[in-house]
Amino acid sequence: MARFRTWVGIAVAGALGASLAGCSSTGGKRAEDARRAASAQGRAAVDTPRWTFAMITHSGDGDTFWDIVQNGAEQAAVKDNIKFLYSHDDEAQQQAQLVDAAVDKGVDGIIVTLAKPDAMKAALARAEKAGIPVITVNSGSAESKAFGALTHIGQDETIAGEAVGEELNRRGRKKTLCVLHEQGNVGHEQRCAGVRKTFDGTVRNLYVEGTDMSAVQASIGAKLQADRSVDAVVTLGAPYADTAVKARQDAGSEAEIDTFDLNAKVAASLKDGTLGFAVDQQPYLQGYEAVDLLWLHKYNADTLGGGRPVLTGPQIITEDQAAALEQYAERGTR
């Protein structure tokens, strides 16, 4: 049974603020230094009320992707004088209960993912009835507007999958294994379907238990041993890319390993050629913009996107781009 996470207020470390401070709008070293100093001391850049925003995601424990999303949200919260609450659960019903808890708490805004939208519908209806503005991020772009959200921030998963199929074609691949690590996640299904739509070769879906990396490695390795014609493996999350590399080694396969999402390990593996390419959806931007857009809505009744999702990806990252992004991935912002 999934554990029910309790609410925890997030305090942004001074070092994070110092390293992530934005560029000065007026230019010059003095203005930049002043901005960095203010951020390092956790000072808001605005004098609006201290509203409370809650972010509830479908993340499991230890997922580096969601650490990056959270980093972005925390930094925006400091700037916008927001009390930021973060919780997560990879069980859809538990995630819905976390949304209900945020509504009961009377927060001023909610950011939520819709990996399994049907389970979230009633909870978001409660938020709408309570007059709490909602922004969806990462997953659920198709359901976001119907569920009453102001906008959706993320990548179109089908388009992202199509970009992967096209990249595989450019690389001359013929048979691809698409590894789905969370059954029931509509975004994952859309990614693999997108790959299948544009890829000239054959795509086979492989469902694995994403919470057990040993089982994931064994499942991928078994498929690669059983079918030597598989020349590409696409994982749908950065933590699974390294596991796929180990499975390839165990199987004695020469299949290229490619992945969705970017982190420090993926950036380094792209740089040294261990991985072929990665699909970046800029998770830091998803968290940052979600908080910022909620603040703009509370402060100025602003919305963004004109009823359509605000896209943060996809961007295909190869060995050529990895070196330039590695420093940002190491600090937890790409």
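Helices (H or I, at least four residues) and strands (E, at least two) are taken as DSSP runs and are numbered from the N terminus. The model is predicted, and local features need pLDDT of at least 70, side-chain atom pairs count only at pLDDT 80 or more, and totals for chains, interfaces and linings use all residues. Residues are numbered from 1 along each chain as its sequence is written, and side-chain values use heavy atoms, with hydrogens and water left out.

Within helix α12 (residues 283-300), W295 and Y299 lie 4 residues apart, about one turn of the helix. Rings of Phe, Tyr and Trp (its six-membered ring) are paired if their centres lie within 6.5 Å, with planes under 30 degrees apart counted as stacked, over 60 as edge-to-face and the rest as tilted. By this rule there are 3 aromatic pairs, among them the stacked pair of W295 and Y299, at 5.0 Å centre to centre and 10° between the planes. W295 has a relative accessibility of 9% and therefore counts as buried, where buried means under 20% relative accessible area, exposed over 50% and partly exposed in between (1.4 Å probe, protein chains only).

Two loop residues other than glycine have positive phi values. N138, in the loop between β4 (134-137) and α6 (141-144), has phi near 75° and is buried at 6% relative accessibility. D261, in the loop between β9 (256-260) and α11 (264-271), has phi near 80° and is likewise buried, with a relative accessible area of 5%.

A cis peptide bond, with omega near 10°, runs from G313 to P314, and P314 is found in the loop between β11 (310-313) and β12 (315-317).
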